[in-house]
Amino acid sequence: MEDLQIIDLYNRRDETAISETAKKYGVFCQSIAFNILTIAADAEECVNDTYLQAWNSIPPQQPVRLGAWLGKVTRNIAINLWNKNHRKKRYAGMEQLLSELEDCISSPITVEHEIEERELTEFLNTWLASLPKADRILFMRRYWNGEAVKDLAKEYGTTPKEMAKRMYRLRQSLKSALEKEDYSL
Amino acid sequence: MKEKETRKLYNSMTNVKEDYIEEARKAKAKRKHPIWIRWGMAVACLFFGVIAAYAIPNIFISVSENGDHIDAGIEDASLDGNPNGYSTAQGEQPTNDIEIAKQDQAAQKQETESLPEAPDNEEIMTVVSAYGGEGSSACYKSPNNGHCIYSIPLQKAMEEYGDMVLYKVVVDVFNDNNMFESNSEAVKNEIERLTEIGYTVDFEHYNDGTMDHYYFVLCVAQVQLINFAKNDNYGYMFWLYDERAK
C-alpha cells in the first residue's frame, strides 16, 4: 500500500492503518530499535509504542515521508528506553555505537563554544551533504540505522576490518569538521 | 568523560534530513562477489566463450534463415523515432509502408491478445540481463497509459544482440503516470494475465534486512518486447534486470 493511502487510513481513524504500517515498515522499525537495544522484547515494545505514537499524532501531523518519520519516532523511543534502563540492563548496541562516536569528540581545550543540539543537527545536515553519496549512506546505515559493521562489510564485499577503517575515516572527517568550526559538544 | 557529549551527538542525529534517512533505508549496495566467485565466473565465461566459438557458425546459419525477422525487429525500433525509448503506442502516425504493415501486425496481435512469437529456435539461448556503457544513469519520464518505454541500456542491448538472445527485464507498471508497487494487486493481475498468454514471468522477492523488495521479471525475446501485449490502461517501463534489481 502507498504511504498516502496509509496516512489516509490514519486520517479516517481506521485501525487497519496500524496493520498496514506494520506490514510495510515493521521490519525497518524493528531493526532500528533492535540495533540500539539488542533485546528483542524491548525492541518490540519500542515498535508498538511507535505505532501508538503514529496513531495519536496522525492527524494532525501528515508526514511527507512516512518511513523516515516512523524511523525517527522509533529511534527516539529506543534512545529514551536506553536512557531509562541502561544502568539496569546491558544494551550492547547503543553502547557500541557511542563508544565509536567518542572518536568525534574534541578535547575541550581546542574549542570555542558549546553547540546546542538543534544547531548540531543543522551542522550534521551540512556535513552529510558534503560527503559523497556512498559515504553518506554508509555513515547513516551505521550510526542512524545501527547496522553492524560485519553485515555492511558482507554486503559491500569487503572485510569487517576494511569496513571499520572506512568508518574510522568518516568519524575523523566529522571530528575535523567540528574542530574547523570550533564547536564543542 | 565524553559520554554526555557522545550521547548528544548521537541524539542530534535523529532529526537529520529525512532525505538522508530515506536514502539509507532504501540503499542496497551492489554486492561484490568474493574472489573465488569472481574467478569462478571468469572461468565460466572462458568456457562459454570456447563453446560459443564452436556454436557461432550455427548461429549465423540461423540468422540468415531468419534474417528478415531480425532486421524487422531492429527497423521497427529505429523507425519509432523516440530518443527516450521505443514507444510502441497505438495511434502514432506511421512514417512509411513498412511501419504501417508492422503496426497493423502488432495491432492484430494485441486484439487477439496473443503472445508475439519468440524466434523459432529450439537451441538454448543466451540471456542478457546487463549492458554496460552509456545511459546507465539516465532519467526517464513515466510512461503514459498504453505506452512502453525501454531503458537506454536495454535499447543498446537490443540493437547489438537483436533476436539472437533473450532479455531478462524488470517491468514497472504505471497507471496515469503513477507507478504501482511491484507487490500490488494490479501488478499481480498483470503477471497472471501475461503468464496465461505464454510470457515467461517471474516474481522475485528480496529482503535486504530492513525491507522487502519485489520485482516483476520477464525473460523474453526482442520481438516480444517490441510487440509487448500491453494493457491499454497501463504504461510500462522496461529495465535490464541488473539496472533495477541489483
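Reply:
**A serine and its setting**

Of the 246 residues of chain B, 40% count as buried, where buried means under 20% relative accessible area, exposed over 50%, and partly exposed in between (1.4 Å probe, protein chains only). The model is predicted, so local features need pLDDT of at least 70 and side-chain atom pairs count only at pLDDT 80 or more, while totals for chains, interfaces and linings use all residues. Residues are numbered from 1 along each chain as its sequence is written, chains are lettered from A and ligands numbered from 1 in the order in which they are written, and side-chain values use heavy atoms, with hydrogens and water left out.

Chain B has 9 helices and 7 strands; these are DSSP runs numbered from the N terminus, helices being H or I with at least four residues and strands E with at least two. Among contacts in chain B (heavy atoms within 4.5 Å) between residues at least 6 apart in sequence, 73% join residues at least 24 apart.

The serine is Ser182(B), in the loop between strand S4 (178-179) and helix H7 (185-196) of chain B. Its relative accessible area is 12%, so Ser182(B) counts as buried. A polar atom of the Ser182(B) side chain lies 3.3 Å from the backbone oxygen of Tyr214(B). Tyr214(B) is also among the residues that Ser182(B) touches, the others being Val187(B), Phe203(B) and Tyr215(B), when residues up to four places away in sequence are not counted.

Elsewhere in chain B, Met237(B) can be described in the same terms. Met237(B) is placed in strand S7 (residues 235-240) of chain B and is buried, with a relative accessible area of 2%. Leaving aside neighbours within four places in sequence, its contacts include Tyr140(B), Pro143(B), Ile149(B), Val170(B) and Phe174(B). Ile149(B) is 88 residues from Met237(B) in sequence, yet the two C-alpha atoms are 4.9 Å apart.

Glu181(B) leads from chain B to chain A. The side chain of Glu181(B) meets that of Lys24(A) in a salt bridge, at 3.1 Å from N to O; the rule asks for a side-chain nitrogen of Lys or Arg within 4 Å of a carboxyl oxygen of Asp or Glu. Across the interface of chain B and chain A, that rule finds 4 salt bridges. Between these chains, 11 residue pairs are in polar contact, both residues at pLDDT 80 or more. A polar contact is a pair of N or O atoms within 3.5 Å; within protein, one must be able to donate a hydrogen and the other to accept it, and residues adjacent in sequence count only if both atoms are side-chain atoms.

On the side of chain B that touches chain A, helix H1 (3-13) and helix H2 (18-26) of chain B each supply at least two residues. H1(B) gives the largest share of that side, 10 residues. By class, the side has 11 nonpolar, 7 polar and 16 charged residues. Here Ala, Val, Leu, Ile, Met, Phe, Trp, Tyr, Cys and Pro count as nonpolar, Asp, Glu, Lys and Arg as charged, and the others, Gly among them, as polar.

Chain B and chain A bury about 4400 Å² between them, 60% of it on carbon and sulfur atoms; buried area is the accessible area (1.4 Å probe) that two parts lose on being put together, summed over both. The contact takes 34 residues from chain B and 51 residues from chain A.

Over all chains, the structure holds 18 salt bridges. One of them joins Arg142(A) and Glu100(A), with the closest N and O atoms 2.6 Å apart. Arg142(A) lies in helix H7 (residues 133-143) of chain A and Glu100(A) in helix H5 (residues 92-101) of chain A, so this pair ties together parts that are 42 residues apart in sequence. Arg142(A) and Glu100(A) are both buried. Another salt bridge, at 2.9 Å from N to O, pairs Arg141(A) with Glu147(A). Arg141(A) is buried at 2% relative accessibility, and Glu147(A) is buried at 12%.

Lys150(A) and Asp151(A) form a salt bridge at 3.7 Å from N to O. Lys150(A) is exposed, with a relative accessible area of 55%, whereas Asp151(A) is partly exposed at 44%. Salt bridges that share partners also join Asp3(A), Lys24(A) and Glu181(B) into one network.
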